[in-house]
Structure formats: C-alpha cells, structure tokens
Amino acid sequence: MDFMSSSSKNSSEVFKFNFTQAVLIINESLSDHVFEGSRKTAVLSGYVILVLAGVCTNLIVSAVIVSNSRLRVARNLFIVNLSISDLMLCIFCMPFTLVELLTRTWSLGSFLCRGVPFVQGVTIFLSSATVSAIAIDRQQVIINFSGNHKKMDKGKSNMIVYTTILWCFSIMMALPIIFSKSVTTVSLAGMVLYEKCIEHWPSNHAKALYTILILVAQFVIPSIVLTVTHLRIKSYLNRSVRKHDARSSPRTSERLKKELRRNSRATVVLSFISIAFACSWLPWNAFNIMADFDLLSKLPPEHFYMAFVVCHLVAMSSSVTNPILYGWFNSNVRREIRRIRIAVTHNVFTSSKPMKSERSNGSAMCESYIRASARRDLQESRL
C-alpha cells in the first residue's frame, strides 16, 4: 500500500548481489538522497502542498458539519467519515512515504514498520468504501425518498452501523500488511549498511493475489458503484422532469425549466465525482500492478521512483478533491461556509465602535442570505 510495498521486488534483489552490485549498494548507503536538486525540491513541495491543503479543507468541512446542528444529519456522517479518512491519508500516508522516498531506508523500528503501512492501508480502503457508501445513500435519498420521518429517524441510527461496517471492512482488508511487513537489515561482510521495511510473502502467488484483491476492492468495485448509481440518478431526474413536463401548463413551464437546469448541474457534479475518483486512483493501482508483476524491472531506479511519486501524488490528491466535491458542492455545507465567511469578514473589517450599531445589520444580511440560498437550493440540497 505504500512505496516500499510497491518496490518490494526491486528491493528484494538487493540481497542477492555480486561485486558490482555490492559497490552500488555501498554507494547507495553513503547517500541519503534519491532525488537531488530541483527534483528533490519538486517532490518535497508536492507532498507539503497536498498535506497542508488536505488538512485544511477536511478540517473546515468536518468543523462546519459538526458545529452546525442543521448539518448534523444522518447522511452527513458519511462526509465526516470521509474527511477523517482523508485526514489520516494526510497524516500517515504522505509524510512517511515522503521520508522513505528521500532516504530509501527505514529507521523507525519494527512496530512502526508494520503499523504505519497498516494504517495507510486502512485509510485508503476506508476512503474508497465511504465514497461508494455516499453514492448508494444519494441514490436511496433521491430515487426512494418518501419523507417518512420514522424511516429517517431509523436511518440515523443505521448510519452508525453502516460506518462501523466500513471501518471493519477496511481493517480486515489491510490486515495482511501487518503479517507481511518486517524490517530487514542490509549488510556486507558483517557490516550493517542500512535497514529497509519491506514485504515478505510466503510465495509470489500470495502477493499477486493480494495485489489483485486491492485493485478490485479499492478501485474496480467503487468505480462500478459510482458509475451505476450516478447513471440511475441521472436517468431518474430526467424522467421526473419529462413526466412533469407532459402535464404542465404555461404557468409551471418556468419552474420546470429551472428544475431542468438544476438537474443538469447535479448531473455534471455527479459525473465529475466519478471521473475524479477514476483519474485519482487508476495511475496508482496500475503502477502497483506493474511493479508487483515485475513489469517495471528494466526501469532505471530514478525513473522508477519518479513514476511512483507522480502516481502516488495523483492518488493522494483525492484528499483535497473529496472535501471540495462532497463538501463545497453540497449546497447546505456551502451555504454554512459562506455564512461563516460573511460573519468573519464583517467582524474583522468592522471597527470596534461601529460594530455595535452594525452588528444587527450584519446578522440580518447573513440571515437574508441564508433564506435566499435556502429557497434557491431547496431541491438541490437533496443531492
């Protein structure tokens, strides 16, 4: 699930070396850097920017939902869960992977050698599983919406059960990483050169089977779920508009046009969610498949590492796009963020004396904005 697991086959060849390879290993142990100069700066900058952006965006979305009673509804629990998994990606996946990339060694001990990749695996599976759960939940809300408050109350309690199932599924899928990871010492003539945290599998077939399982559970199934549910939502919205249009009068034609435009925007958002997921995770899964099946063995080390960096950064960019797609594009969350921004701007740029007399105006402006946005986004909020 991380850098060392992707290059385990390349790393395992280090321990069967001739004299020439021994010289290369010694040179490698004397150098702490994989990337030099501008490449190192670019790699470091890419990870730092993604970590900061991911932490900020996910904290904002989570804080807005948790702090507002109107947003603490059952279906938004999935969004908070997704933000938690993305925060864990930013905290556990990117920093530790960056350290391995820059040093190609492991100096954090056996416990973290097993624990860090395990947590990385859990967060990656959890993120994809939560995205699938959100898609299924949206389909249920839009297509099978009944307005029954008893069912809605029951749904609130069920959401906790569903979220627990997502966590259990992710933990079970990542368990093999704990048993396969270990710290291996690279030595020459009794001299310890460095340590690596790599995977040891009973056989190549076991490793290949787990790699395929990751591909199916983390990418193929979520992609199918997103595509099918979003196509069903799009079909339902278009069919609903046509049904109302067939029996509409000139008086209601304008309302139907507005609803059609709203449905078009919703369709674009749903399509963008599916495309963003595929574009984010396809390169990373493709790289892992090719690396684990020894299809990249002829690549020079610097090209191998750079290819991994690009694929990994693209995958980790989902920690930034997810809070935008599921937070900012959610009309209720977006409205609350705008309300907070207006209130903060009003407090910051208003002097202390006029603030007392203008606070009521500022509050009225916020409330007026919220009411107008609520009317405009009433139906859109169901998406």
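The largest nonpolar core of this predicted model has 62 residues, of which Y47, W281, M316 and Y326 touch the most other members.

Residues are numbered from 1 along each chain as its sequence is written. Because the model is predicted, local features need pLDDT of at least 70 and side-chain atom pairs count only at pLDDT 80 or more, while totals for chains, interfaces and linings use all residues; side-chain values use heavy atoms, without hydrogens and water.

Y326 belongs to the buried residues of helix α11, together with S318, S319, V320, N322, P323, L325 and G327.

The chain as a whole has 13 helices and 2 strands, which are DSSP runs numbered from the N terminus: H or I of at least four residues for helices, E of at least two for strands. Of its 383 residues, 44% count as buried. Among contacts with a separation of 6 or more, 82% join residues 24 or more positions apart.

An unreviewed UniProt entry places the feature "transmembrane region" at several spans, among them 266–284 and 304–329; such annotations may be inferred rather than shown by experiment. Residues 266–284 are 100% helix, with end C-alpha atoms 28 Å apart. Residues 304–329 are 92% helix, and their end C-alpha atoms lie 37 Å apart.

On the surface, I212, V216, V220, I221, I224, V228, M290, F293 and L295 form a nonpolar patch with about 730 Å² of accessible area together. Such a patch joins nonpolar side chains (Val, Leu, Ile, Met, Phe, Trp, Tyr) within 5 Å, from residues with over 30% relative accessible area and no salt bridge, a salt bridge being a Lys or Arg side-chain nitrogen within 4 Å of a carboxyl oxygen of Asp or Glu. Helix α8 (residues 204–246) gives the most to the patch, 6 residues. I212 lies in helix α8 and counts as partly exposed because its relative accessibility is 40%.

Technical notes
Buried < 20%, exposed > 50% of the residue type's maximum accessible area, 1.4 Å probe, protein only. Contact = heavy atoms within 4.5 Å. Core = buried A, V, L, I, M, F, W, Y, C linked by side-chain atoms within 4.5 Å. Patch = residues over 30% accessible without salt bridge, like charges linked within 9 Å, V, L, I, M, F, W, Y side chains within 5 Å. Areas by Shrake-Rupley, 256 points an atom, 1.4 Å probe, with all protein chains shown as cover.
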